[in-house]
Amino acid sequence: MARSALLNVMVQAAMKAGRSLARDFGEVQNLQVSLKGPGDYVSQADRKAEEIILGELGRARPTYSVLAEESGARKGTDGMHRWIVDPLDGTTNFLHGIPLFAVSIALERQGEIVAGVIYNPAMDELFTAERGNGAFLNDRRMRVAGRRALTDCVIGTGVPHLGRGEHGKYLVELRNVMGEVSGIRRMGAAALDLAYVAAGRLDGFWEERLSPWDMAAGIVMIREAGGFVSDREGGSKMFDKNNVIAGNERIHKDLSAALKRPA
Ligand code: IPD
Ligand code: CA
Ligand code: CA
Ligand code: CA
C-alpha cells in the first residue's frame with residue numbers, strides 16, 4: 001500500500017491528534033465541557049485535537065482552505081484545495097467513556113473529495129482512502145460487505161439528539177427499516193459509521209442532519225471500497241442536504257426504498 005505524500009500528512013495529523021484524544025480520554029472527568037446547544041457538547045479535548053490537526057496540515061500546505069467543526073471556515077490563497085476536519089467525531093461517546101470516537105480528515109480538490117483518513121485511537125484503527133488508490137484499514141484493503149438481501153443486513157443510523165427536531169419523521173423511518181433488516185446499530189460517531197460501511201462491518205448506513213466534516217472522509221472511503229454513497233435523493237449533494245445513505249449498490253437501493261415508504 002503506497003500512500004501519497006499528502007495522505008501521509010493527513011495520517012500524521014490524525015495520529016498526533018488521536019494521541020492527544022487518548023490522553024484526554026484517560027482523564028475525561030477533568031475536562032472542561034460546554035454546550036453549543038441542547039445535547040450538543042464540546043470539550044477542551046475537541047479544541048486541542050483541532051489545533052493539532054490544523055497546525056500539522058497548515059505547516060504542510062499553508063495555502064489550502066479549511067473547514068473545521070470547532071473553528072469554522074478559513075479561505076486559503078489556493079483556490080483548489082480544502083481540508084475538511086472533524087477533530088473528535090463522537091464527542092458524546094468520548095465524554096461518557098465509550099471508546100467509539102474518531103478523528104476525521106478529508107481533502108477536497110475542486111469540489112471533489114480525493115482523500116480521507118478516519119482514526120479511532122482507542123482501538124488503534126486507521127482507515128484511509130485516496131481516490132483511485134483503494135481504501136485500507138491499517139494495512140489491509142477494505143471492501144464493502146456483499147450481502148444482497150436487507151433481511152441479512154446490519155444497518156447503522158444516527159438518532160437525532162436533543163434539540164435536533166424531526167423526531168416523528170425519524171421514528172417512521174426507523175420503524176420501516178427495522179421491519180426489513182436483520183439488525184440496527186446506533187454507535188454515535190457518524191464518521192466511524194461510514195468507515196465501518198467501507199470495512200464491511202455495517203452493510204449500510206443512513207443519517208439526517210449531518211455536517212460536511214461528519215461525512216467527507218467516509219464518502220471517499222466507501223467509494224474506494226466499492227460502495228455507493230449519496231444524499232437521500234440519490235444525488236451527490238450530501239453537504240448541501242446534510243444527509244447521507246450508504247451501502248453496496250443493491251443495499252443502497254433497497255435501503256433508499258425502505259426509507260421512502262409511508263408510515
Ligand atoms: C456527531 C456524531 C453523531 C451524529 C451527530 C454528529 P460530533 O458528531 O457523528 O453520531 O449523530 O449528528 O453531530 O458532534 O460528535 O462530532
Ligand atoms: Ca460536535
Ligand atoms: Ca462529527
Ligand atoms: Ca466533532
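Student: What should I know before we start?

Tutor: This is a predicted model, where local features need pLDDT of at least 70, side-chain atom pairs count only at pLDDT 80 or more, and totals for chains, interfaces and linings use all residues. Residues are numbered from 1 along each chain as its sequence is written, while chains are lettered from A and ligands numbered from 1 in the order in which they are written.

Student: Why is Ile-222 called buried?

Tutor: A residue is buried if 20 or more other C-beta atoms lie within 10 Å of its own, exposed if 12 or fewer, and partly exposed in between, with C-beta atoms placed from the backbone. Ile-222 has 30 C-beta neighbours inside 10 Å, so it counts as buried.

Student: Where is Ile-222 found, and which residues is it in contact with?

Tutor: Ile-222 belongs to helix α6 (residues 212-224); helices are DSSP runs of H or I with at least four residues, strands are runs of E with at least two, and both are numbered from the N terminus. Contact asks for C-beta atoms, placed from the backbone, within 7 Å. Leaving aside neighbours within four places in sequence, the partners of Ile-222 include Val-144, Leu-194 and Ala-246.

Student: What makes ligand 1 lie between two domains?

Tutor: Domain bounds come from an automatic or database domain assignment, which here gives domain 1 (5-141) and domain 2 (150-260). Both domains give residues to the shell around ligand 1, so the ligand lies between them. A residue is near a molecule if its C-beta atom, placed from the backbone, lies within 6 Å of it. The 13 residues around ligand 1 include Asp-89 and Gly-158, two of those that come nearest. Strand β5 gives the most to this shell, with three residues.

Student: How do the two domains sit relative to each other?

Tutor: Their centres, taken over C-alpha atoms, are 20 Å apart. The contact takes 35 residues from domain 1 and 24 residues from domain 2.

Student: Why do β12 and β14 stand at the edges of their sheet?

Tutor: Two strands pair if DSSP finds at least two bridges between them. The open sheet of five strands runs β12-β11-β13-β15-β14, with mixed pairing. β12 (183-185) and β14 (228-230) each have a single partner strand, so one side of each is left without a neighbour in the sheet.

Student: How do you know that β11 and β13 pair?

Tutor: Three bridges join β11 (residues 154-157) to β13 (residues 204-207), and the two strands run parallel. Within β13, Phe-205 stands opposite Gly-156.

Key
Two residues are in contact if their C-beta atoms, placed from the backbone, lie within 7 Å.
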